[in-house]
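Here's a quick briefing to read with the structure open beside you.

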Amino acid sequence: MIETETIQIGIDQLQVSPREVGRYAGGSRYRLDDKMKALAEEMLEKAKQLVKPVFTYAVHAVESNHHNKGPRLKCGGYVEVPEEEKDPQIVALAPVVCTLGPGLEDETHRLMKDGELLTAMFLDAVGVAHLELLGHDARQHIKKKVTDQGLFTGCPFGPGYNDMPLDSQSELFEYVDAKRIGVQLNDSGVMLPMKSISFWLRITRDKKAAEDHGYKCRNCDMENCLYRKVPHKK
């Protein structure tokens, strides 16, 4: 069960609201006034010429499931997964990489260099909001595919999520060809372009185990996160 697919998303498919831009610019409790709402709307319009949303993923069948080492893929090698993602009914793991391309971050850097810091901050927030929706679309795409096979997907997890170290990024990149969408790692394990995200999705026979995980904020242990949307699941 090794399947690789690359999906280009039209910018109009990612419906980002000014309110979401405000959340990523100032936090979950921040509310835009009329002036800042107009700036958010301007940057949303600007982003249409700058971003090229695309994601790529692979689905790797699980050969066995070691209670300490984690799942072993049929293509070889164990993948260390967080404790809450260990699942005796796991059948596959899907590494996913999403990117908006370099255009938006290049323009953000130009604005900062020119001293337009507020505009740069809002344009960057527009990028983060689009990237969040792109990741959601990628998960929904995979979810639909596996649902057709009677399977279910868990919550995304990956490098930098909770206690999963950032240096596990290189492991994820071993199992998906991110270069096909122009994403690579620098020497520090940071993705370039920087408006990119990566994660794993667990594919399981256990519907309840998948449904219990829900939105990623529910599982994130950063209880005081400025951008949190829903409470932490104790």
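The disulfide count for this one comes to zero. Keep in mind that the model is predicted. As for the fold, the chain has six helices and eight strands, and 47% of its 234 residues count as buried.

**Cysteines**

- With sulfur pairs required to sit within 2.5 Å, the search comes back with zero disulfides.
- C98 is buried, at 0% relative accessibility.
- C155 is buried too, with a relative accessible area of 3%.

**Overall layout**

- Going along the sequence, the elements run β-α-α-β-β-β-α-α-β-α-β-β-β-α.
- Take the contacts between residues at least 6 apart in sequence: 71% of them join residues at least 24 apart.
- The chain's accessible surface is about 12400 Å², and carbon and sulfur atoms account for 50% of that.

**The cores**

- Nonpolar side chains tend to be buried together in soluble globular proteins.
- Here the largest nonpolar core has 41 residues, and V21, F55, F122, L134, I142 and I203 are the ones touching the most other members.
- Helices giving two or more residues to this core are α1 (18-26), α2 (34-47), α3 (103-113) and α4 (117-147), while the strands doing so are β2 (54-66), β4 (90-99) and β8 (196-204).
- Helix α4 gives the largest share of this core, 11 residues.
- Which residues does F122 touch, leaving out those up to four places away in sequence? They are V21, A25, Y30, L32, M36, L39, A40 and M43.
- Another core of 19 residues lies apart from the largest one, with L172, F173, Y175 and I181 among its members.

**A129, a spot on α4**

- A129 sits in helix α4 and is buried, at 3% relative accessibility.
- Not counting residues up to four places away in sequence, A129 touches V16 and Y24.
- P18 is 111 residues from A129 in sequence, yet the two C-alpha atoms are 9.7 Å apart in space.

**Helix α3**

- L104, E105, E107, T108 and L111 are the buried residues to look for in α3.
- These residues lie on the same side of α3, because they cover an arc of only 160° around the axis.
- What covers them includes α2 and α4.
- Just past the end of α3, G115 takes a positive phi of about 85°.

**Salt bridges**

- How many salt bridges turn up in a search of the whole structure? The answer is 11.
- E20 and R23 pair up through their side chains, at 3.4 Å from N to O.
- Both E20 and R23 belong to helix α1, three residues apart, which is about one turn of the helix.
- Buried or exposed: how does R23 count? R23 is buried, with a relative accessible area of 7%, whereas E20 is partly exposed at 22% relative accessibility.
- D124 and K195 form a salt bridge as well, with N and O 2.6 Å apart.
- D124 is in helix α4 and K195 is in the loop between β7 (191-192) and β8, so this pair ties together parts that are 71 residues apart in sequence.
- At 28% relative accessibility, D124 is partly exposed, while K195, at 10%, counts as buried.
- D148 and K144 make another salt bridge, their closest N and O atoms lying 3.8 Å apart.
- Both ends of that pair are exposed: D148 has a relative accessible area of 59%, and K144 has 56%.
- There's also a network, in which salt bridges with shared partners join K46, E107, R110 and D114.
- E107 shows up in that network and also among the buried residues of α3.

Definitions and conventions
Residues numbered from 1 in each chain as written. Predicted model: local features only at pLDDT ≥ 70, side-chain atom pairs only at ≥ 80, totals over all residues. Heavy atoms only, no water. Helix = DSSP H or I, 4+ residues; strand = E, 2+ residues; numbered from the N terminus. Buried < 20%, exposed > 50% of the residue type's maximum accessible area, 1.4 Å probe, protein only. Contact = heavy atoms within 4.5 Å. Areas by Shrake-Rupley, 256 points an atom, 1.4 Å probe, with all protein chains shown as cover. Core = buried A, V, L, I, M, F, W, Y, C linked by side-chain atoms within 4.5 Å. Salt bridge = Lys/Arg side-chain N within 4 Å of Asp/Glu carboxyl O. Arc of directions from axis to C-beta.
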